[in-house]
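I opened the two-chain file and kept notes as I went. The entries follow in the order of looking.

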Amino acid sequence: MTGGGVSGSDMPSLPWTARTDVPPAEDTSAEALLAGSGLPAGAGPELRPVADVLAALSARPAPDELTGLAAAQAEFRRHVARPAQVRQSHRQHRRRRGLVSRLGVKVGTAAALVAMTLGGAAAAAYAGVLPSSWQQFAHRTIGAPAYRAHHVRPAGAGAAAPPAPRSGHPAHQTYRSGPPARHRFVHHAVLPHLVRPPAARPLAHHSGPSGVRAVHSALVRPARYGTYRRPLPERE
Amino acid sequence: MPAGICPTWRFCCGHGVLVRILGAVFGEEFPAALAAAQQGSEAAFTRLWLDANPVLLRYLRVIAPEAAEDAAADTWVQVVRGLPRFRGDEAAWRAWLFTTARRRVIDASRRRSRRREEPLDDLPAAGLPVTADAADEAMERLGTQSAITLLARLPRLQAEVILLRVVAGLDTDSVARLVGRSPGAVRVAAHRGLRRLAEILTEAGVTL
């Protein structure tokens, strides 16, 4: 039975007609010619002219076969060569732009840090809270106040008691409402190194509330920054 | 130069004349040349063009004799545009080139049929007026043009297959994919074409 359900005896008997024009598969001569390997030794003489024709088809280029080179090169320059250069230029531009961007960020950060440091230093210099050498330097360069060792007169030296400060600073509150022992703790016991002779204490000679505030701020703040100085001997 | 040393030069026509055999010009240098051309080297592209364009023109002069140069130019435009994306060896390069050329010819033929413009010399390849004198001239001086004229007397598929096998250097499977036939059909067409060519030459009384 065949695949279609028909027995073999029912199939028509078709005689096989030989195709004389179809070469056999073992025609190695023609296959060798087609493969470009030349005519084999045992090839028939009728194939010699065919081999020559095929060889002529593969001959060196004639001048008229090379006339389109300029147009092809122009097309190549337009679509391949120039876009390649443009791509390379774009890559370099992006690389350069990225470098500039990274440098800009770094420079900007550094500039901001420098500005903040200088601004803080200038503010500190004008507030007079820098160490002595730095304060003197700021005094010479930017006109900040000169370094002064702040202090108050010792108690009982004849100076009038300063009026109560107006600010709400805790130290001031303590000064205003605390006991005398606390007052002495703030002005004499804790800061004995700031005691100076009256000639060296110009702030103490200021009269009025502003002078008092300056004295108090100088007493409270420089306690952390002031260098230790030995207390002056008591005068007899 | 001995014929066995350089694969691109062989003896021709039984006269000991060295001719350049097209189809495997680059060999091992092809990947480097292709890569350079893809990166924008005009010199490398020129090498590719010089290697392939004569073969391409001979193929087109057989399958589209009325517009071979235009079809070749269109083919190179397409090839140049697709060159940066091409991947493959020299055989793949040639297969791509001739596939593009064949499609250009088919497109041009469709355009002409739509426009109903028939140039006076637009005759089918197999119907080109080839006189007996042409065959004699081809045998006297087997120039390339004469060989192309002789090959154009074959049916188109046979001529095309022979050209792609011999001139372009493609194998049977590549030619089968290119022309859209089975490898067996391609093999049969090639053998029939050679046999027919031998008959034409015999009819012309050519004996070597």
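How many helices and strands does chain A have? I counted eight helices and zero strands in chain A. Helices here are DSSP runs of H or I with at least four residues, strands are runs of E with at least two, and both are numbered from the N terminus.

Ground rules next. This is a predicted model, in which local features need pLDDT of at least 70 and side-chain atom pairs count only at pLDDT 80 or more, while totals for chains, interfaces and linings use all residues. Residues are numbered from 1 along each chain as its sequence is written, and chains are lettered from A and ligands numbered from 1 in the order in which they are written.

**Entry: the chains**

Chain A reads α-α-α-α-α-α-α-α along the sequence. Chain B has nine helices and two strands. From the N terminus, its elements run β-β-α-α-α-α-α-α-α-α-α.

I looked up burial. In chain A, 18% of the 236 residues are buried. In chain B, 43% of the 208 residues are buried. (Buried means 20 or more other C-beta atoms within 10 Å of the residue's own, exposed means 12 or fewer, and partly exposed lies in between; C-beta atoms are placed from the backbone.)

I then took the contacts between residues at least 6 apart in sequence. In chain A, 48% of them join residues at least 24 apart. In chain B, the share is 60%. (A contact needs C-beta atoms, placed from the backbone, within 7 Å.)

**Entry: helix α2 of chain A**

Why is α2 (residues 47–57) of chain A largely enclosed by the rest of the structure? Ten of its eleven residues are buried, so the structure around the helix largely encloses it. The buried residues include A:L47, A:P49, A:V50 and A:D52.

**Entry: the core**

The largest nonpolar core has 70 residues. (Such a core is a set of buried Ala, Val, Leu, Ile, Met, Phe, Trp, Tyr and Cys residues joined through C-beta atoms within 7 Å.) Among the residues with the most contacts inside it are A:V50, B:L56 and B:Y59. Helix α2 (residues 42–63) of chain B gives the largest share, eleven residues. Domain 1 (1–122) and domain 2 (127–208) of chain B each contribute at least three residues; these bounds come from an automatic or database domain assignment.

I checked B:Y59. Beyond its neighbours within four places in sequence, B:Y59 touches B:F98, B:A101, B:L163, B:V167 and B:A168.

I also checked B:P54, which is in helix α2 of chain B. B:P54 counts as buried because it has 23 C-beta neighbours inside 10 Å. Its C-alpha atom is 9.7 Å from that of B:A72, 18 residues away along the chain.

**Entry: the contact between the chains**

The contact takes 51 residues from chain B and 39 residues from chain A. On the chain B side, α9(B) supplies the largest share, ten residues. That side has 32 nonpolar, eleven polar and eight charged residues. (Ala, Val, Leu, Ile, Met, Phe, Trp, Tyr, Cys and Pro count as nonpolar, Asp, Glu, Lys and Arg as charged, and the others, Gly among them, as polar.)

**Entry: α8 against α9 in chain B**

Helix α8 (residues 172–179) of chain B packs on α9(B) at about 100 degrees, with the axes 8 Å apart. The two helices are therefore roughly perpendicular. (Angles of 65 to 115 degrees count as roughly perpendicular.) The contact involves residues including B:V175 and B:V179 of α8(B) and B:V186 of α9(B).

Definitions and conventions: Contact = placed C-beta atoms within 7 Å. Axes fitted to C-alpha atoms, helices over the stretch in contact; angles between N-to-C directions. Parallel < 35°, antiparallel > 145°, perpendicular 65-115°, else oblique.
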